[in-house]
Amino acid sequence: MALNSSPQTRDFTCFILHDTDLIPRDNRNLYRCHQQPRHFVTSRSNGTWEEKLPYSSFIGGVLGLRNDHMNQSNGCSNYYYGLGFEDDDLEIRLRNKRLLVVRYPGQIGAYYSLAHEKQTDNPRRDELRRSMWKRLEKEGLNSLQYELLDAKEKELYTWLLVKPPPPPASFYNITPPS
């Protein structure tokens, strides 16, 4: 399903994918979309520790994508339940379409990281990472299914509450499409 064909998303121009445990520290960090996808995070800290990006292609935390970026890349994979490589999968999808991610400089992208319980690792994450390139065109927005539970128009954004399907009972025993 392409975003342009969905009644609840067809008029959206910008998507901000945001981890709920991050709060920006600099008011120059403007949440808007640009010509290229934008990764908003340059570092994060909780007051005790500070962490820079783990590697140069990392796009986890907060990412801004235009509608056409989402459609060109086929969006996010639907195979990731739990923690592990979902951001890397999206970065490969973007790079495959020559959509290079840009960043704000230095301190503008600094975030506070709120304390939270660690998510459960996806036991299939290594297998999914190995199969990323095979799934780019076959699985993503074009195979997305969800139930829209609620939608609220806010002054600066639209809030959507959706319910994705649960992973199939055999999810951890299946092979991704080849």
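Trainee: Is C76 buried, partly exposed or exposed?
Mentor: C76 is partly exposed, at 33% relative accessibility. Buried means under 20% relative accessible area, exposed over 50%, partly exposed in between (1.4 Å probe, protein chains only). This is a predicted model: local features need pLDDT of at least 70, side-chain atom pairs need 80 or more, and totals for chains, interfaces and linings use all residues. Residues are numbered from 1 along each chain as its sequence is written, and side-chain values use heavy atoms, without hydrogens or water.

Trainee: And how many disulfides are there?
Mentor: One, counting cysteine sulfur atoms within 2.5 Å. C14 is joined to C33, S to S 2.0 Å.

Trainee: Which hand does the disulfide of C14 and C33 have?
Mentor: Right-handed, because the torsion about the S-S bond is about 80°. C14 sits in strand β1 (residues 14–18), and C33 in the loop between β2 (22–24) and β3 (38–39), 19 residues apart. Strands here are DSSP runs (E, at least two residues), numbered from the N terminus.

Trainee: Switching to rings. How many aromatic pairs are there?
Mentor: Four. Rings of Phe, Tyr and Trp (its six-membered ring) pair if their centres lie within 6.5 Å; planes under 30 degrees apart are stacked, over 60 edge-to-face, the rest tilted. F12 and F15 are edge-to-face, since their centres are 6.0 Å apart and their planes at 75°.

Trainee: Are F12 and F15 buried or exposed?
Mentor: Both F12 and F15 are buried.

Trainee: Which residues form a cluster?
Mentor: Ring pairs link Y31, F40 and Y104. F40 is buried at 0%, while Y31 is partly exposed at 33%.

Conventions
Helices (H or I, at least four residues) and strands (E, at least two) are DSSP runs, numbered from the N terminus.
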